[in-house]
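Try each one yourself before reading the solution.

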Amino acid sequence: MIQSDTPNIQVLSTEVSQLRQELQLRDQLVQQLSQELFRLVKGNTSFMPQPELERDFTQLHALQEQLQAVEQQVAFYQEQITTRDSEIYQLRQSVQELTDRTRMLEQVVQELPQIYRRKFEERMTPVREKVAMLQRENRQLQAELQSVSYRLALKTRNASHSGIDLPNFPRPASEQANISTPQNA
């Protein structure tokens, strides 16, 4: 929109300056005619308008009407130029605001991977701790399962050899030493 308005504004400015020059020229002609008319009327009281003078008055009147029309056009173009200038100013402000916003968004986009990594790490820390705890618990349960399986296997083996299930009491270390010593001797 700005690019198409700039040539129009330049064309309008050129046209306005040409119209002003024509207006000045016509003003000069009107001034000269009025001075001449005043001089003729003042010097000759019995003056009767001649056909040429009437034609000059008609032309003068036509020129005055044209002058008014040109002044109206100039005012109209001035108003348009003022309106366009304010639009250009507003568009420049919008462009500046959008440029600033774009820079801010580009910076945010550049920071996003780091933010996501940090947030992911923050979320993964409790998960890793939970996985480590579950792995420790799993190892404990597997060790207990092996222990229970071993005891069950011993129990079923002992149960098949003898009908009585006797408890296994741990022997004190001093008794084991006394028992093993005579057997070796």
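**Exercise 1.** Work out whether Val 108 is buried, partly exposed or exposed, and find the patch that holds Val 108.

Solution. This is a predicted model, so keep that in mind as you go. Start with the number: Val 108 has a relative accessible area of 38%. Buried needs under 20% and exposed needs over 50%, so a value in between counts as partly exposed. That makes Val 108 partly exposed.

**Exercise 2.** Find the salt-bridge partner of Arg 103 and say how exposed each side chain's residue is.

Solution. Look for the partner first: Arg 103 pairs with Asp 100, with 3.7 Å between the closest N and O atoms. Then check the spacing: both sit in helix 2, 3 residues apart, or about one turn. As for exposure, Arg 103 comes out at 53% and counts as exposed, while Asp 100, at 39%, is partly exposed.

**Exercise 3.** How many salt bridges does the structure hold, and which residue pairs with Glu 36?

Solution. The structure has 4 salt bridges. One of them links Glu 36 to Arg 39, at 2.1 Å from N to O. These two are 3 residues apart in helix 1 (residues 2-43), about one helical turn.

**Exercise 4.** Where in the chain is confidence lowest, and where highest?

Solution. Begin with the chain average, a pLDDT of 83. Then go by element: helix 3 (residues 173-184) is lowest, with a mean of 52, and helix 2 is highest, at 91.

Note on methods: Residues are numbered from 1 along each chain as its sequence is written. This is a predicted model: local features need pLDDT of at least 70, side-chain atom pairs count only at pLDDT 80 or more; totals for chains, interfaces and linings use all residues. Side-chain values use heavy atoms; hydrogens and water are left out. Buried means under 20% relative accessible area, exposed over 50%, partly exposed in between (1.4 Å probe, protein chains only). pLDDT is the predictor's confidence in each residue, from 0 to 100. Helices (H or I, at least four residues) and strands (E, at least two) are DSSP runs, numbered from the N terminus.
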